[in-house]
Amino acid sequence: YYSCFSQKYYNFLIFNLQLWNNYFHLAVAFITQESLQLENFSHAKYNKIQNKYGDMRRLIGFAIRDMWYKLGQNKICFIPGMVGPILEMTLIPEVELRKATIPIFFDMMLCEYQRTGEFKKFENEIILKLDHEVEGGRGDEHYMQLFESTLTECACQYPSISQLVESFVSLVKGLLEKLLDYRTVMSDESKDNRMSCTVNLL
């Protein structure tokens, strides 16, 4: 067992892409599993789990964040592949988890920008995945506001990329607003309202 553990740890150190990829996907799958979504439980059950175990999503989410920043120059290998899983994690309605993990998006943009002079791969992927996630019931007004303020604040420290980030944030905010509106009116009996939101989204 010790030999096996040592070999896996060594693989982490020498950067084994598949091993790191498996780690991130497994960790995200763990914190997004239905049985850990505490906000869906009754108040009594929520308190019982919190008192006994705490919110394990936050603990694992922080670990994902810390491991991401340990990748160094190898981060580029996970763009755009990890954009979707990270987005899924940041959409979990837990404030501290969101605050800790949304900055990963800026780091992804910065990483791609420093390599190519733009972050089109990241941008295209997050727009594609955001559509899927919101349609699946994730996302809310608070997320939209936190996404905007966090990335804008991060961009202030990098003047060379700040204007591009601001344009990207404006694009995503507008898309998210329309997606949330569309999701809301899907249960509306008014065909005119549904059609209006559909036209706006298109």
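How are H7 and H9 oriented to each other?

## Basis of the model

This is a predicted model, in which local features need pLDDT of at least 70 and side-chain atom pairs count only at pLDDT 80 or more, while totals for chains, interfaces and linings use all residues. Residues are numbered from 1 along each chain as its sequence is written, and side-chain values use heavy atoms, with hydrogens and water left out.

## Packing of H7 and H9

Helix H7 (residues 103–116) packs with helix H9 (residues 141–155) at an angle of about 45°, their axes lying 9 Å apart. Helices here are DSSP runs of H or I with at least four residues, numbered from the N terminus. H7 and H9 are therefore oblique to each other, a word for angles that are not under 35 degrees (roughly parallel), over 145 (roughly antiparallel) or 65 to 115 (roughly perpendicular).

From H7, Pro 103, Phe 105, Phe 106 and Met 109 meet Tyr 143, Phe 147, Thr 150, Leu 151, Cys 154 and Ala 155 in H9, contact meaning heavy atoms within 4.5 Å. By class, this contact of H7 with H9 has nine nonpolar residues, one polar and no charged ones.

Because 10 of the 14 residues of H7 are buried, H7 is largely enclosed by the rest of the structure; buried means under 20% relative accessible area, with a 1.4 Å probe and protein chains only. Among the buried residues of H7 are Ile 104, Asp 107 and Glu 112. What covers the buried residues of H7 includes helix H4 (56–69), helix H8 (120–135) and helix H10 (159–185).

Just after H7, Gly 117 takes a positive phi of about 85°.

Note on methods: Axes fitted to C-alpha atoms, helices over the stretch in contact; angles between N-to-C directions. Helix = DSSP H or I, 4+ residues; strand = E, 2+ residues; numbered from the N terminus. Nonpolar A, V, L, I, M, F, W, Y, C, P; charged D, E, K, R; others polar. Buried < 20%, exposed > 50% of the residue type's maximum accessible area, 1.4 Å probe, protein only.
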